[in-house]
Amino acid sequence: MSTIEYNHSQHAHCESGVTANLLRHQGLDISEPMAFGIGAGIFFAHIPFIKVSGTPGSTFRTWPGAIFKRVTERLHIKAKAQKFSSPEKAMLALDQAVEAGKPTGMLSSVFYLPYLPEAFRFHFNAHNLVVYGKESNEYLVSDPVLEDVARIAPEDLAKARFAKGTPEPRGFMYNITEVPKQVDYAKAIEKGIKQTVFFMMSPPLPWFGNKAIFLLADKIRKYPTKLPPRKASLYLGNIIRMQEEIGTGGAGFRYLYAAFLQEAGEMLKRDDLQEMSAELTAIGDEWRNFAYNAARQMKARQTDVVSYDELSLLLRGCGEKEKDFFKRLGKLKW
Amino acid sequence: MPQDSLEYKDRDKLKKLVYAVGKDGKYTGVGSSGWDPENVATKQAWDAIEEELAETMKQVQAGEVSPIAWYMQKKLMDLPLLAQYVGKWQWQVKRHMKPQVFNELSDKMLEKYASVFEITVEELKNLGKKENT
């Protein structure tokens, strides 16, 4: 039985949180916003034809796994990642890693993590957590969305690591193997920002990036004529859940990214980044205003409180402001 | 920072970290027990599940669908996901939701479903049946 001395800190989001915690364990002082920004975590997509539990899929972040991969690459950190063909092999490899004193990050399904409140436990398979020890046949877990560390039974963890659905974690786990003495934050920040702008502004397809905000706004305007009221309400609710309920740090990761821009501005002594941060905070407030009004519509379940037209306009407003914002973010000199 | 806690399925047990700007204009992480619009959305999603479950229970009791349909919803699964978990085609699982087909399922198949649903075979078979006391 072994336990690694591991400093758990709570973060907003699981992947940027795990990334920051694992790197801090290796002595690299990096915050969650910095990991999120270098990893180009912020995004938007709305894919109406991919249904998640019966509602059209929306996301405010990049795809799972990308943040950790980009941060380690951009800071020249060596990491080892593995997938497994069976739960037995995956759990054995975890035991060996913990025995060897390596805190280990892994993908899991939220549904099979009994330590989380039931309210959050849906079949979401891309939740990141760290195991840092084993004690009386229980794994010691640092889950970045929790205030404190937790424990989990091996059967539950095995289930969570081998959940079915999309994506299938297949026991995916990762360790940091080597951290350089000096890291070049300036270059990594620049790459992260440029990539974010690219993903937001360049996809030619309507479902991804900034364009998808306008697509969603158009869809919402048509909800009252295309959907029964109950379904329209559930669709709206799902957007709010993606924006606020899961660990986004508020306003669909907009505040988290604004925190990154601020920190980057301080680190590189750049006022322009600080100003962009303040602007994004204001945009985040508009997303929150959208969520606030959408919830009023849902509570009333009538179309006369805040009309779907008005909600659509509020969302368009977010889209217009972000379009201008990311365009200018892309024009910063480096 | 909003602190609207929702006493529902342990939602209030977790204080999430949210990023907010302080008086000095600097960002910090702050614990938030929740925000009303978010709580409305959470509650609405669960209410919809509860309503569906009640509807399906009536169908199970009326002999229109097998208990598999109810437990699938109870475990928040849909047909493609359940089919993956039991290692069957979707059309096969769909057939198993017909009571007459369900009643003929092998013990092995029933055990497979029961283990995916984290219940006993007895619980699976007896769902919706009147207690014979």
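Reader: How many bridges join β5(A) to β9(A), and in which sense do the two strands run?

Author: This is a predicted model. In it, β5(A) and β9(A) run antiparallel and are joined by two bridges. Across this pairing, Met106(A) stands opposite Met173(A) of β9(A).

Reader: Over how many bridges does β5(A) pair with β6(A)?

Author: The pairing with β6(A) is antiparallel and covers five bridges. Within β6(A), His127(A) is the bridge partner of Ser108(A).

Reader: Is β5(A) enclosed or open, and how is that read?

Author: A residue counts as buried if 20 or more other C-beta atoms lie within 10 Å of its own. By that test five of the five residues of β5(A) are buried, so the strand is largely enclosed by the rest of the structure. Thr104(A), Met106(A) and Ser108(A) point one way from the strand, Gly105(A) and Leu107(A) point the other way, and all are buried.

Reader: Next, the helices. How do I read which way the residues of a helix point?

Author: An α-helix has 3.6 residues a turn, so residues three or four places apart point the same way. Take α4(A), where Ala90(A), Leu94(A), Ala97(A) and Val98(A) are buried. These residues cover an arc of only 95° around the axis, which puts them on the same side of α4(A).

Reader: Which exposed residues does the face of α4(A) turned away from its buried side carry?

Author: That face carries Glu88(A), Leu92(A) and Gln96(A), which are exposed. On the buried side, the packing partners in chain A are β1 (2–3), β5 (104–108), β6 (127–135), α5 (154–161) and β9 (173–178).

Reader: What span does α4(A) reach from its first C-alpha to its last, and what is expected?

Author: Helix α4(A), residues 87–99, has 13 residues and reaches 18 Å, close to the 18 Å expected at 1.5 Å a residue. Gly101(A), which follows the helix, has a positive phi near 80°.

Reader: How many residues of α1(A) are buried?

Author: In α1(A), 11 of the 12 residues are buried, so this helix is largely enclosed by the rest of the structure. Among them are Cys14(A), Glu15(A), Asn21(A) and His25(A). The buried residues pack against α2 (32–38), α3 (66–74), β5, β6, β7 (138–142) and β9 of chain A. Helix α1(A) covers residues 14–25 and reaches 16 Å from its first C-alpha to its last, close to the 16 Å expected. Just after the helix, Gly27(A) has a positive phi of about 90°.

Reader: Is Asn137(A) buried or exposed, and is Ala251(A) buried or exposed?

Author: Asn137(A) is exposed, with 8 other C-beta atoms within 10 Å. Ala251(A) is buried, with 27 other C-beta atoms within 10 Å.

Reader: Where is the cis peptide bond between Thr166(A) and Pro167(A), and what is its omega?

Author: The bond joins Thr166(A) and Pro167(A), with omega about -10°. Pro167(A) is in the loop between α5 and β9 of chain A.

Reader: What does the radius of gyration say about chain A?

Author: A compact globule of 334 residues would have a radius of gyration near 20 Å, and chain A agrees at 20 Å. Its C-alpha atoms fill a box of roughly 60 × 45 × 30 Å along the principal axes. Buried residues make up 50% of the 334 residues. The secondary structure of chain A comes to 11 helices and nine strands.

How values were computed. Residues numbered from 1 in each chain as written. Chains lettered and ligands numbered in written order. Predicted model: local features only at pLDDT ≥ 70, side-chain atom pairs only at ≥ 80, totals over all residues. Helix = DSSP H or I, 4+ residues; strand = E, 2+ residues; numbered from the N terminus. Expected span 1.5 Å × (residues − 1). Arc of directions from axis to C-beta. Contact = placed C-beta atoms within 7 Å. Rg over C-alpha atoms; globule rule 2.2 N^0.38 Å. Pairing = 2+ DSSP bridges.
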